[in-house]
Amino acid sequence: MKITSLSELSMLKEQEFKKVQLRLYEDDYLPDTTRQQKEPAASEADLPEKSDARGGLS
Amino acid sequence: MSDRIKHVLVCGGTGCVSAESLEMVTSFQKIFDQKELTNQFRVLQTGCFGFCGQGPIIKIFPDDVFYVKVTPDDIPLIVEEHLLQGRFVDHLLYRDPESEAILPKQHDMGFYKKQERIALRNCGLIDPENILEYIAFNGYEALGRVLTNLIPEDVIEIVKASGLRGRGGGGFPTGLKWELTRKPVADQKYVFCNADEGDPGAFMDRSILEGDPHSVLEAMVIAGYAIGATQGVIYIRAEYPLAIKRLQIAIGQAYEYGFLGKNIFDSGFSFDVHIKLGAGAFVCGEETALIHSVEGYRGEPTKKPPYPSIEGYYKKPTSVNNVETFANIPPIILKGPDWYNSKGTECSNGTKVFSLAGKVNNIGLIEVPMGTTLREIIYEIGGGIPDGAEFKAVQTGGPSGGVITAADLDTPIDYESLINIGSMMGSGGMIVLDNNDCMVNIAKFYLEFTQDESCGKCTPCRLGTKRMYEILEKITEGHGTMDDLEKLESLGRMIKDSSLCGLGQTAPNPVLSTMKYFYDEYLAHINDKKCPAGACQALLKYQVIAENCIGCTACKRVCPVNCISGGPKEVHVIDEEACIGCGACYDACRFNAIFKP
């Protein structure tokens, strides 16, 4: 199974998260990335502004 | 809702695996199969929970119950009592050594309370051999965002703004290293992951690779995109077989899902990773020696500059980053640089993983924000010194570092503060010492290690460390002179100033540091021919306490050199000249009749 886009990854994540979400609870020592699941997902706007050019690869 | 009712997580880190934790996974599965419980319970191995002194560890969700020191024999009981009857198995619950309170939940334990896990975020939470579990917890999302939304310069700016510094010991700003590697024009560039963790007592990188290998792979691809590289190499010592196995599985899965290989996320960017096994030479943790080893040459360092970011693997620009450094990258991308640099101190952002070992109650792997004090680490997380002994010092930075004494217990830990008090961060090894540890002997131990691991290329390191070791040996055997102390110090300074690489430049640190803070102990060995800690065997002179001796002959019978005289019901006598200080008589005596100096 090859993931080619963020939306495909997002769908897969949603599907897999259902299988493991019982391991989460609100705690300070738990990873922020997991607690984030209980908060609204970060939007594209949270990321630094996209530059015009993609930039060439060496 | 979950498709399973309860998840049984069994620690699959090397420590717990050596105590049969994988057999426990099999045992759970067998019982679930036999009793047809597979639709109610799921068992899986995870990476290290960190609390290694309490292993093997089993955690059950959603109950959030944490069982410690579990044996294979306990598994049927856990199934019957906890899983089927809903009752705790009390004798497997953690008991706080101070309050004696039983604490079933991980977050109530002192060991975990002050920790903040970023690099270790998935260790003890996911099955490291299952990419889907990594994906479930945001895995490869940072890579997707980078490849579809950001140009390489943006990625470098994010990492620079986060303040992340190299966690392998040098503390060089990661974003700056990526920028320096991106700048040169070259037909090929490389991303190297330095997993050659060699400090005695350090196991941070091993645990990350065993518990969360995909986080390192994901970060390597991000680094490749940022610097313009399409090839990655993970240099890992062959003595980490479990980490290697999980890395190999992770790499295979990453290719299968398209996170490695051609045209990742349909972005046009391609990246490949392969593993190179090292033979376990400490010096190969130094980046130029590491690169030479991967090239097939002897693992010897070369003079810098040129730095690998300009001329690295086969003279091409190469960014060498440590495992823990990489593990921080995906959360930084997902949550932003401000989130990361809000943690820690002004010059050292984020968190740091330490392996806490030695004379401390709670041995294990911890991750704390930079700026946490040693007192918090040793007494609150580490639970203090065992057996009522007195804290003496803590060795940070492994064989390259120095000792920190009680006077500096309240110093907030970061790169700069540790150097200011004569030690260094290193990769994160932290060995706690108590009043039974001889500081001269400790210095000798580390010097023996570094002189053995010296690659031999430069004279100051090759011969200087050997001469220093010989002097320390002389002192611990009671033959040292005051001249030797002067020689030790001047040799140490010379080796630091003139060695080619970091190994030699830092090898004298444990000696110079112990001489600075524990000079009295050196003097006692030289002038009084005594080891105040009672650790240097050659200086131990055991004596019989006549009023306690009943002449039972127990000591005489165990003495390996027959240096104890006296018949039954007679007071015994130890011939101090013939005594080798082995302590067998002391251990055998049941009447406190042997005096141990």
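A195(B) stands opposite I236(B), a residue of strand β8 of chain B. This is a predicted model, in which local features need pLDDT of at least 70, side-chain atom pairs count only at pLDDT 80 or more, and totals for chains, interfaces and linings use all residues. Residues are numbered from 1 along each chain as its sequence is written, chains are lettered from A and ligands numbered from 1 in the order in which they are written, and side-chain values use heavy atoms, with hydrogens and water left out.

Strands here are DSSP runs of E with at least two residues; helices are runs of H or I with at least four, and both are numbered from the N terminus. Two strands pair if DSSP finds at least two bridges between them. Strand β7 (residues 190-195) of chain B pairs with β8(B) in the parallel sense, over 6 bridges. β8(B) also pairs with strand β10 (residues 269-278) of chain B, again parallel, over 7 bridges. There, G232(B) stands opposite V273(B). Is β8(B) enclosed or open? Of its 7 residues (231-237), 6 are buried, so the strand is largely enclosed by the rest of the structure. Buried means under 20% relative accessible area, exposed over 50%, and partly exposed in between (1.4 Å probe, protein chains only).

Now to the aromatic rings. Rings of Phe, Tyr and Trp (its six-membered ring) pair if their centres lie within 6.5 Å; planes under 30 degrees apart count as stacked, over 60 as edge-to-face, and the rest as tilted. The whole structure holds 22 aromatic pairs over all chains. One of them joins F51(B) and F111(B), stacked at 4.1 Å centre to centre with 5° between the planes. F51(B) lies in the loop between β2 and β3 of chain B and F111(B) in helix α4 of chain B, 60 residues apart. Both residues are buried. Y190(B) and Y313(B) have ring centres 4.7 Å apart and planes at 85°, so this pair is edge-to-face. Y190(B) is in strand β7 of chain B and Y313(B) in the loop between α12 and β11 of chain B, so the pair ties together parts 123 residues apart in sequence.

Last, the cysteines. A disulfide is a pair of cysteine sulfur atoms within 2.5 Å. The count is 0 disulfides over all chains. C536(B) is in none, and its nearest cysteine sulfur, that of C438(B), is 3.6 Å away. C536(B) is buried, with a relative accessible area of 3%.
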